[in-house]
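Hi everyone, thanks for coming. I'd like to walk you through a structure that may be new to you, so let's bring it up on the screen.

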Amino acid sequence: MPVVADGFKVITFPRSRLATLDVGRYGRNKHYMFGLLEVDVTVARQAARQLRRAGQGVSFTAWMIKAIANSVARHREVHAIAAGKRKIVIFDSVDIALPVERAVEEGRAPLPLLIKDVGSRTIYDIHRSIEDARDQAIDDESKYVLGRHSFSRFAMKLYYLLPQAIRLLTWKVLFGNPIRAKRHTGTVMVTTVGSAGRTVGWILPTRSMHNLQISIGSITRKPKVVDGQVVARDIMHLTVGFNHDVIDGVPARQFMDDLFRHIEKGDLG
């Protein structure tokens, strides 16, 4: 319960936030480079609205996750994971981690949802996974990882009782193997916190275990030159972060060009 006193209030944040702190510490030695993009999503949003009007439930977030996964599949080196000091593992399938804000204990916290093999799934499957995660009951520590990839209650409870140094050592052992890292955390992190509210701008993600991070910022109406005419368009502020220890600049730029082009076209191909 919150502690209330004259002039201030003390609250205890949910235990799940300890994992958020661990993510930042675990990724503190990575060297990220960021691309800040302004992407015209007018056509893409129209396509999503048309699907909803046709009775096919789909969110713009689900559409974006599918588009991102398709671009990653065409440039697979951007979601590689290091294996030791001189090797990387480049995966065929794309697994995307999406934080979903949920009520946890006495507050709210982002809980991870892992969407596996996004390339083989439809946008409707992705949308249903997100909606199921938003509706999933949070009964105990085992539900702090959403979807089907939760750990046992005992394992999660033990994890939160450990000192951070021991928790990070556990992460190093568990996620030092690229195959296990992909199985439990995916290869790409997508955050959408910036799309809510009215603030205009980009979101810079914090350091993470993921070598490719994409943050969907605000979407706002802006003037743009189209076919020689200045028109109002829906412009999304998109941040793409790469771990430069694993990903070089040329493939990173090629990936951003591909993603930018296909989002603007409203094309999932």
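Let's start with isoleucine 216, which sits in strand β9, residues 212-226. Helices (H or I, at least four residues) and strands (E, at least two) are DSSP runs, numbered from the N terminus. Before going on, please keep in mind that this is a predicted model, where local features need pLDDT of at least 70, side-chain atom pairs count only at pLDDT 80 or more, and totals for chains, interfaces and linings use all residues. Residues are numbered from 1 along each chain as its sequence is written, and side-chain values use heavy atoms, with hydrogens and water left out.

Is isoleucine 216 buried or exposed? Isoleucine 216 counts as buried because its relative accessibility is 4%; buried means under 20% relative accessible area, exposed over 50%, and partly exposed in between, with a 1.4 Å probe and protein chains only.

A polar atom of its side chain lies 2.7 Å from the backbone oxygen of threonine 185. Beyond its neighbours within four places in sequence, histidine 210 has contacts (heavy atoms within 4.5 Å) with residues including Lys30, Tyr32, Ala97 and Met189.

Now follow β9 to the loop between it and β10, where aspartate 227 is found. Aspartate 227 counts as exposed because its relative accessibility is 78%. Its phi is near 55°, a positive value in a residue other than glycine. Most residues other than glycine have a negative phi. Aspartate 117 also has a positive phi, about 45°, and belongs to the loop between β7 (107-115) and α4. Aspartate 117 is partly exposed, since its relative accessible area is 32%.

Next, helix α2, residues 42-53, has 12 residues and reaches 16 Å from first C-alpha to last, close to the 16 Å expected at 1.5 Å a residue; that expected span is 1.5 Å times one less than the number of residues. Which residues of α2 are buried? They are Thr42, Ala44, Ala48 and Leu51. These buried residues pack against several elements, among them β3 (32-40), α3 (60-74) and α8 (249-265).

That's my tour, so please point me to anything you'd like to see again.

Conventions:
Polar contact = N/O pair within 3.5 Å; in protein donor to acceptor, adjacent residues only side chain to side chain.
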